[in-house]
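Open the structure in your viewer and keep the selection tool at hand. The stops below say what to select next and what is there.

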Amino acid sequence: MKNFNLTKYSKPLILLVFIIVLTILRPSTFLTVSNFANVLWSISVIGIMVCGTIFVFLIGGIDLSIATLCGFCAVVTVKTITYFHNSTGGVFAGILAALAVGAAAGCLHGIVITRFHIPAFLVTFATQSIFLGLSMIVTSNKIISCTEPAAFTAIGAKKILGFPLPIYLMILIAALAWYVLRKTEFGRYIYAVGGNATAAEISGINVRRSTVLCYVFSGLTTALGGVILASMTQQAMASTGSGYTNDVITAGVIGGVSLLGGEGTVLGAMFGAVLMGLLNNGLNLMSVPSTHAGLVKGLVIIIAVGFDALQHTDQARKKVKKIVKKEA
Amino acid sequence: MKKKLLAFVLAAMLLVACSGCTIQKTVRVDPAGGNTAAAGEAVGGVSNKVKKDPYTADEIKIAYVAHDIGTPNNQAWLEGIKRECASWSNIKIGEFDGQSSAETQVRLMGDIINQGYDAIIIQCSDGTALAQSVAQAEEAGIPVITLNLDADTVHSALVMAVDYDAGRMAADKMAEQLGGKGKIGIIQGVPGLHRTDNLEQGFRETIANYPDIEIVDAQSASFEKEKAMTVMNSFLQSHSDLAGVFCINDAMAEGAALAADSKGLGGKLCIWGADGEKDALAMIENGQMSGTIYTNSWDEGSTAAKIALLMIGSEYSYNVLTETPQVIMEPIVATKETVGSIAAEDRW
């Protein structure tokens with residue numbers, strides 16, 4: 001008991017407190033399988049996108065083009081499907097086309113950032129306009145509906161064991177990202193580059209290649225998010241995905257991912273996404289009017305993140321004390 | 001100390017009194033940014049217009065300033081304006097996107113006035129914020145026609161779809177479909193917009209006439225289809241006996257219908273929207289949605305363009321107006337029974 005480390009469990013503890021509070025407030029509606037399916041479904045796109053974007057955060061970069069790239073990939077998917085006369089083969093072509101666009105966009109980001117030494121903020125700030133412009137041109141700024149074929153609409157709505165497919169996709173992507181970051185050499189390189197790029201370069205890590213790959217991962221998960229979003233709403237337009245840049249960055253930061261690089265985990269980022277989902281769900285179930293929702297949301301996030309940060313600070317302080325004691 | 005307190009209270013009272021002088025529709029805003037005046041008082045009586053003939057070789061430029069050019073409504077208006085002017089090659093249409101921001105629209109209005117456009121058609125993101133820009137345009141001899149969302153100053157014309165009445169009609173029809181009883185929810189847009197606030201008010205005040213219908217929940221989905229799906233899921237979670245939902249626009253009604261479908265409740269709930277987008281009409285036809293209040297937005301845009309051309313071709317000036325003239329578009333209650341009467345070429 002003496003060695004009980006609250007820091008390690010602070011995030012699950014916060015989620016547990018949330019669940020207990022909401023269960024007390026809404027006993028009959030909150031703690032049900034269907035409601036948890038609702039919560040996870042509502043954060044599935046954010047969850048998938050943050051699993052790729054975390055690679056960019058970890059090397060100290062940023063991707064501001066997530067929202068508009070997501071929209072453009074949604075447009076590409078739907079346009080390709082309609083080009084193939086809404087056939088099942090068209091769905092596969094649409095998904096592949098979107099993933100190719102996402103990977104190409106990530107590759108472009110990575111190359112421009114590393115070759116021309118332009119800050120990621122500026123590059124992705126510029127490309128967000130480019131992707132939005134492309135979506136507007138391709139769609140003529142109109143909504144492109146796509147209610148067929150069933151293989152397409154199933155991506156966002158098909159249920160397996162009571163849970164919609166996007167939830168399984170989110171768990172799969174999260175597991176993949178976790179594996180790459182924790183169990184592979186490449187994962188360790190990323191933390192090293194984010195911690196100190198010069199030192200990583202000197203120690204023989206190919207920083208340029210690692211950076212490009214991180215942006216490619218971000219592009220791929222963003223593209224997958226776009227495909228799912230298009231399937232969920234059965235349509236695509238230039239504004240599809242708007243607001244997702246903020247949501248993804250917020251989920252990451254709440255989960256303890258440092259925007260300066262080198263710090264953060266996939267589990268932490270998923271915690272951020274789930275916390276946001278629970279918060280929105282709780283506000284909806286308690287019928288909090290939209291005029292009050294923003295205030296309540298902001299306060300709860302500050303309290304939750306403050307508690308988590310406090311545990312980490314305490315832990316760091318204890319470590320310092322221990323070292324000082326030893327030295328003495 | 002007491003004197004300071006008294007001075008503070010007096011200053012606060014003065015501030016409150018001044019802020020009470022909000023600009024009304026029948027108020028003319030001073031384009032130079034000075035005091036406002038009642039419309040009737042400031043009438044000069046002399047036209048500031050340079051008459052042009054839009055149907056000959058005179059070069060005519062009409063600016064269309066959208067609230068958000070990506071929305072179906074804004075696109076349909078633009079299409080209507082273009083169709084109206086398509087036969088005359090001397091008429092050019094300039095498209096400007098307000099990006100849902102009144103500040104952007106104010107900046108665009110300044111540019112448009114400087115470029116010497118002949119008329120402006122605009123959906124004001126914020127009537128108060130745009131009042132001065134609209135007044136400046138009118139003062140420069142550029143007639144301004146607003147669409148749905150008005151400017152708080154006297155100007156050439158307002159072309160609008162019904163708002164309060166649309167809510168009233170939806171409530172009456174929904175009550176009829178529900179047999180006068182049941183629990184319902186409302187999915188709202190962004191609070192504070194004149195049109196949608198009126199729509200919701202019309203709905204709430206009318207539904208209050210049916211004592212056995214109870215509004216059990218109201219949540220915002222910011223006019224977005226995807227967010228409406230999440231809100232609808234939580235409605236269904238909280239109220240297992242929910243009988244229907246009224247959505248302030250069609251995109252949200254479509255989202256609510258998809259959420260109901262995914263819960264196996266497709267076609268079993270009474271889901272209403274307002275606008276009349278073609279996707280919503282298709283959903284009504286296949287039973288996923290129960291109804292919407294349809295307005296022909298192509299016709300609305302075309303009407304605004306007709307008024308603009310009339311203004312350009314005459315010496316008629318806003319100086320003679322005491323209040324903004326209005327054209328109200330005919331609303332159609334679209335249900336499964338009536339939706340077939342809306343022709344394919346009228347679906348936007």
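**Where the chains meet**

Begin with the contact between the two chains in this predicted model: chain B puts in 21 residues and chain A 23 residues. On the side of chain B that touches chain A, select helix H2 (72–85), strand S9 (213–220), helix H7 (225–238) and helix H8 (250–262), each of which supplies at least two residues. H7(B) gives the largest share of that side, with nine residues. Sorted by class, the side of chain B that touches chain A holds eleven polar, six nonpolar and four charged residues.

**A strand in chain B**

Next, select strand S3 (residues 60–66) of chain B. Six of its seven residues are buried, so the strand is largely enclosed by the rest of the structure.

Look for Ala63(B) opposite Ile120(B) of S5(B).

**A helix in chain A**

Move to helix H11 (residues 244–254) of chain A. Eight of its eleven residues are buried, so this helix is largely enclosed by the rest of the structure. Among the buried ones are Tyr244(A), Asp247(A) and Ile254(A). To see what covers them, select helices including H2 (33–58), H3 (66–83), H12 (266–285) and H13 (290–327) of chain A. Finish at Gly256(A), which follows H11(A) and has a positive phi, near 90°.

Methods
Residues numbered from 1 in each chain as written. Chains lettered and ligands numbered in written order. Predicted model: local features only at pLDDT ≥ 70, side-chain atom pairs only at ≥ 80, totals over all residues. Buried ≥ 20, exposed ≤ 12 C-beta atoms within 10 Å, placed from the backbone. Helix = DSSP H or I, 4+ residues; strand = E, 2+ residues; numbered from the N terminus. Contact = placed C-beta atoms within 7 Å. Nonpolar A, V, L, I, M, F, W, Y, C, P; charged D, E, K, R; others polar. Pairing = 2+ DSSP bridges.
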